[in-house]
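Work through the exercises below with the model open. Each task is followed by a stepwise solution.

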Amino acid sequence: MAAPKKGRSASAQSRPGRSLALILIAIAALTGGMFVSGHPTPRLGIDLAGGTSITLTAKNEPGQPNAINKTNMDTAVDIMNRRVNGLGVSEAEVQTQGSDNIIVNIPKGTNSKQAREQVGTTAKLYFRPVLTTEVSGTDASASPSPSASSSSSGKATDKASSSSSPSSSTTPSATATSQGRAVTDALKADSTPSASSSASSSASSSASPSASSSVDPATAKLEAEYTALDCTDKAARAKAGDGARPTDPTVACGQNSSGQWQKYILGPAAVSGTDIKKASAVFDTQSAAGWKVTMDFTPGGSKKFASITGELAKNQTPQNQFAIVLDGEVVSDPYVSQALTGGNAEISGSFSQTEAQDLANMLKYGALPLTFKESSVTTVTAALGGEQLHAGLIAGAIGLGLVVIYLVVYYRGLSLIAIASLMVSAVLTYVIMALLGPTIGFALNLPAVCGAIVAIGITADSFIVFFERIRDEIREGRSLRPAVERAWPRARRTILVSDFVSFLAAAVLFIVTVGKVQGFAFTLGLTTLLDVVVVFLFTKPLMTILASKKFFASGHSWSGLDPKRLGAKPPLRRTRRPSAPVDTKEA
């Protein structure tokens, strides 16, 4: 019989040990990396580990055009993803449902309350000049005047009062600065003096609402809203300034250093949150201020900020203040004595670390393009998912056991190669899934487990294709070693085509679907790629090595390669062609 061809086939045949060594080294390295990373087990999704599922519904602002569209919804999903990732919850799921709903699934082990406050908060930040302010709940029947400010200082850093006053028992809106603490904090900025800006500001030109009959209807309405506003009422606070545009004056509420609610009339926004380039939570080690939030403005924002502070500094009256308004609530109302031109500022006061980090996180990741209301919050227990996982693992074990029994009965000795290959594939799948958790946030859910179970059949199919090609060659009368080398090119083509189709289906499914179905597609695609790696670097080299062993080479009856059982033809032998007859002539 002809010897194996020289070149790549002969080279691969002579060095199967290198391929085995390569894949074993890779397994050892990946396993070591898994333990070094501190994540020896795959991360579990919400259906297996439990957690919280939040449904947010988009709504249009009153009097504004319909802004609920695919572009804004996709932008909102992206911002929510970054916000949740900022909390270290990379395995959370954020996805759209229908045209106006967003589903946020947060696994167990995460501060769900904190995450709820983060994902749906609009984080609309404006710097507005203070026109008038007084403690809410006092006699406000008279028309407010510019000198009626009851703020004793722009540096309100005291904690909320624990007295029995109505304001102290009211829980403010769930923002990073208002969880039972004072919401008016001191704004400290670069105090480098500069020439006053020539840009006009609404703060210097605005006067308090007047009760005279000459006021325009808009001013009269604003005055009426301010007079009737009771910030000790949570519902009234939520409606304060509802629907006001950034370019219009508005009313708002905020807590002072004594924990009392104050009401404000604020001028048009001079600086917006989009003018902030960077926001960070920093612990002040040089003073007793504790945690603070630092902000760096964009070039345009720096000019606006210098302009508004310069204009306010000209008015040495109780109204040389501006308010930092976050989601319609005043979180700080500092006085201004000079223009602040450094392009950076900081909000300090009685922040805890969590409050400061939450506020910086919302400012850093920007404002949502839509307003959302929380439609439902569901706590998902791991009991149901655990039962389903248990049942799925039992089903997978039964399926794997049946595959092994079939291989042993039908392929006998060859089943050892198939079982060893399945074990290598299982180890690689497990280790890679464990590593993908901390690296890309992959979380193993029930559909992903189903994908891994389906992969058992795909992997076993590759072994069967290879073994059957070898047995076909033996039936043709070839011995085992040549049969292995001749069968491999044919089997390789079939395996690659089959795996390509499976991978293509997984890729399409991953692209066109969302949520948990993507887990199934991802696992199916991953295991399909690993099947190619295992067959090429483990199954084929191992078969080449065992083909030289007497048990397999001699066609032992338990090897699965017995020529008699396979109905092999007589061995192929090379015969020499008869030489051409030679004509002879008698001399």
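**Exercise 1.** Which residues of α2 meet which residues of α12? Then describe the geometry of the pair.

*Solution.* 
- Step 1: contact means heavy atoms within 4.5 Å. On the α2 side, I23, I27, L30, T31, G33 and M34 take part. Their partners in α12 are V424, V427, L428, Y430, V431, I432, A434 and L435.
- Step 2: sort these contact residues. They divide into 12 nonpolar, 2 polar and no charged. Here Ala, Val, Leu, Ile, Met, Phe, Trp, Tyr, Cys and Pro are nonpolar, Asp, Glu, Lys and Arg are charged, and the others, Gly among them, are polar.
- Step 3: The axes of α2 (residues 16–36) and α12 (residues 414–440) come within 9 Å and cross at roughly 35 degrees. Axes are lines fitted to C-alpha atoms over the stretch in contact, with angles from 0 to 180 degrees between N-to-C directions. Helices are DSSP runs (H or I, at least four residues), numbered from the N terminus.
- Step 4: the crossing of α2 and α12 is left-handed (near helix turned anticlockwise from the far one by less than a right angle; clockwise is right-handed).

The model is predicted: local features need pLDDT of at least 70, side-chain atom pairs need 80 or more, and totals for chains, interfaces and linings use all residues. Residues are numbered from 1 along each chain as its sequence is written, and side-chain values use heavy atoms, without hydrogens and water.

**Exercise 2.** Describe how α13 passes α14.

*Solution.* 
- Step 1: the axes of α13 (residues 446–475) and α14 (residues 480–512) come within 8 Å and cross at roughly 150 degrees.
- Step 2: the crossing of α13 and α14 is right-handed.
- Step 3: the residues of this contact divide into 12 nonpolar, 4 polar and 6 charged.

**Exercise 3.** How many aromatic pairs does a search of the whole structure find? Why is the pair Y406 and Y410 classed as it is?

*Solution.* 
- Step 1: the search finds 15 aromatic pairs. Rings of Phe, Tyr and Trp (its six-membered ring) pair if their centres lie within 6.5 Å; planes under 30 degrees apart are stacked, over 60 edge-to-face, the rest tilted.
- Step 2: the ring centres of Y406 and Y410 are 5.7 Å apart and the planes lie at 5 degrees, so the pair is stacked.
- Step 3: Y406 and Y410 are 4 residues apart in α11 (residues 382–411), about one helical turn.
- Step 4: Y406 and Y410 belong to one aromatic cluster with Y411, F466, F467, W488 and F536.

How values were computed
Helix = DSSP H or I, 4+ residues; strand = E, 2+ residues; numbered from the N terminus.
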